[in-house]
Amino acid sequence: MREDLGGGEEGVLWGRCAEVEGLFMDPPPLPREVLTLRGCPRESLLVQAVAYSAQPMRLLGDGMLSIEPVDPSTGGPARYWDLEDMAVLAQWPTPGDPGCVDIVVGTSVREDGYWGSKRLPSSPRFDLWFPSIRGGSPSGSCRSIDGLLTPRPQWPTQPVHLIGCEPAEPLLALLCRPLPQEGDPITLWRLDRQGRTMTGYRLDLDTVEARPSVLGGALIDVTVTDPGDDRPALAARPVWEIWSEGVPTRPNQWAQFDAAGRSEWLGLTGVGPYVPEGFSGGTYHLDGQHVTDRTGLLLALGEALLGPGAHYGRDLDDVEDCLCGGPSVVPPFTLVWHHADIARRALAGHVLHHCGGLSYFEVTVNILRKKGVTVVLQ
C-alpha cells in the first residue's frame, strides 16, 4: 500500500499485507433509464450512426457524457457520466430546427462523482463519446438531456479486509485517530510471486479498523469499511491467479475467459515482457482460433508480435501508435493471420461508421496494411 499521490508518483509506503479479502466485487446492476438527447447536430457521427443503421434499435454500447462550459475561457465546473449499454429507442427532427435531431435512448447512468462538480456551467456544452463510433473527437453533442439530472439511489458499501499487515508509520498514525479517520486515499499494489508489480487499485481510507491478525505474530488485520467503488470485478480473480505466478509464458491462456476476464487480462499486459525499441522485420503468426471479440483480437495480436503476456494496445488507436515506433514491433514485417474467418464472422456486427461502415476486423487489417505490414489472411 502506498499513498496515492497521482501523476505517476510512487508515494509513501503505508504497509504490506499478505492477502486481501473482499477486493473483487461486481457492482449491482444499475437501473435502466430513458433519456432524451435534444438538439443533436445531423452532421455528427452519433446522428449518422443512428440514422443510417439498418437495425430497428441501434445499440451504441458503453460511452461517456461530459458537461463543460461552452467557452472554456470562462472556466466553471464540469460534470461527467458513464452511459452503459446505450440503445437508441426513437429519433425525430428537433422541433423548429431541421439541422438537428432529438434521440431517445435507454441506458444505465453512473455519475463520476470523484472528478465532477455538482453544479452545471452557466452555458453548458453536452458532449458524448462512444468507442463503437471511433474517433478522437466527441462522437456527438446535444443542447440538453431530459431525465439526466435526477436523484439516483446510493448502493451500500462493501468492506475490504487487509489480512496479515505489516503497517508502516503512516498507517499506524491513521489507526490512532478517532473514527472516522478521514485518511488519504492509497493505491493497493498487487505483486506477483517474483515481487513484480501486477496492477494497482485505489482505496479510500476514510474509516478503518484494526485487530490482531488471524495469521498470528505481530501482524494486524485491517478492515476498510468504505473503500470506494474502484474494485476489480469477480472475473479478475482467476486472471490474477494466473498472473500471480509471473508474466504468462504459454500462448492463448486468455482464451478460456469471457469478455470481462479478457478485459482484465488485457489490462495486466502492461507489465508484460520488455521489447527493444523499434524492432522490425521478420514474419509473425497470429493464432486466430480464439479471436471471437475485439479484446481477443488485441490479445492475439500482442501475442503474435511480442509473445504471451505482451501488450500491443488497448484499442485501435493504441495499435496505430505501436506501429509508429517505441517499444514494439514496427513495420515493415509480415503477419500471417491463421483462421482469419473466425474474427471476420465474429466481428462483422462491430461496425465503425466513421470508417465507411467497415467492421472492426476490416478496419484492423486496413490499419496494419496502411502502416506497412504485409497481412496474409489464411
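This is a predicted model: local features need pLDDT of at least 70, side-chain atom pairs count only at pLDDT 80 or more; totals for chains, interfaces and linings use all residues.

Colleague: Okay, which residue does Asp 102 form a salt bridge with?

Modeller: Asp 102 pairs with Arg 38, and their closest N and O atoms are 3.1 Å apart. Asp 102 sits in strand β6 and Arg 38 in strand β3, 64 residues apart, so the pair links distant parts of the chain.

Colleague: Is Asp 102 buried or exposed? And what about Arg 38?

Modeller: Asp 102 counts as buried because its relative accessible area is 1%, under the 20% cut-off. Arg 38 is partly exposed, at 28%.

Colleague: What does Asp 146 meet in a salt bridge?

Modeller: Arg 38 again, at 2.8 Å from N to O. Asp 146 lies in strand β9 and Arg 38 in strand β3, so this pair ties together parts that are 108 residues apart in sequence. Arg 38, Asp 102 and Asp 146 are linked in a network of salt bridges.

Colleague: Switching topic: how many residues does the largest nonpolar core have?

Modeller: It has 64 residues, and Leu 162, Leu 305 and Leu 335 have the most contacts inside it. Helix α5, residues 294–306, gives the most to this core, with 8 residues.

Colleague: What does Leu 335 touch?

Modeller: Leaving out residues up to four places away in sequence, its contacts include Tyr 284, Leu 301, Leu 305 and Val 375.

Methods
Residues are numbered from 1 along each chain as its sequence is written. Side-chain values use heavy atoms; hydrogens and water are left out. A nonpolar core is a set of buried Ala, Val, Leu, Ile, Met, Phe, Trp, Tyr and Cys residues joined through side-chain atoms within 4.5 Å. Buried means under 20% relative accessible area, exposed over 50%, partly exposed in between (1.4 Å probe, protein chains only). Helices (H or I, at least four residues) and strands (E, at least two) are DSSP runs, numbered from the N terminus. Contact means heavy atoms within 4.5 Å. A salt bridge is a side-chain nitrogen of Lys or Arg within 4 Å of a carboxyl oxygen of Asp or Glu.
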